[in-house]
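Please consider the structure shown below. The paragraphs that follow lead through an aromatic pair, a helix packing and a loop residue.

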Amino acid sequence: MARGRVLVIGLDPVRIPGWDPEPVVAAIARGQARFDDHHIEADMCLVVPDDNAEEAIVEALTRQDYACVVVGGGIRKHEPLLEFFEKVVNLVRQHAPGAAIAFNSSPEDTAEAALRWLQ
């Protein structure tokens with residue numbers, strides 16, 4: 001697959017109540033900087049599962065032609081979000097069928113997750 005644009009889909013730490021979002025916001029910023037280090041164009045789609053998330057994801061997926069979509073750990077790892085995670089994967093398959101799907105282990109290694117699928 002040729003190197004191309006990446007979409008990162010994750011939870012919006014600022015809009016999730018009940019915890020301090022600053023460490024995650026900082027980690028996301030460091031992760032985004034890694035895309036710049038690798039000269040990769042990347043867009044973010046940060047959502048809250050109960051706040052028109054599917055609509056926002058479809059809009060993001062259809063805004064550009066993506067070579068890879070990275071689904072963040074906040075969506076994948078939290079068991080109560082399993083059904084939402086399934087929806088996200090299927091939205092990617094439906095609206096960006098040519099994009100590889102990658103998974104990061106933290107916000108800071110998102111570019112490396114995408115690079116596994118970009119050449």
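F85 is buried, with a relative accessibility of 17%, because buried means under 20% relative accessible area, exposed over 50% and partly exposed in between (1.4 Å probe, protein chains only). F103, at 34%, is partly exposed. This is a predicted model, in which local features need pLDDT of at least 70 and side-chain atom pairs count only at pLDDT 80 or more, while totals for chains, interfaces and linings use all residues. Residues are numbered from 1 along each chain as its sequence is written, and side-chain values use heavy atoms, with hydrogens and water left out.

Rings of Phe, Tyr and Trp (its six-membered ring) pair if their centres lie within 6.5 Å; planes under 30 degrees apart count as stacked, over 60 as edge-to-face and the rest as tilted. The count by this rule is one aromatic pair. F85 and F103 form an edge-to-face pair, 5.9 Å centre to centre with 65° between the planes. The pair links distant parts of the chain, 18 residues apart: F85 belongs to helix α4 (residues 82-95) and F103 to strand β4 (residues 100-103). Helices (H or I, at least four residues) and strands (E, at least two) are DSSP runs, numbered from the N terminus.

D12 lies in the loop between β1 (6-11) and α1 (22-37). With a relative accessible area of 12%, D12 is buried. Leaving aside neighbours within four places in sequence, D12 is in contact (heavy atoms within 4.5 Å) with L46, V47 and V48.
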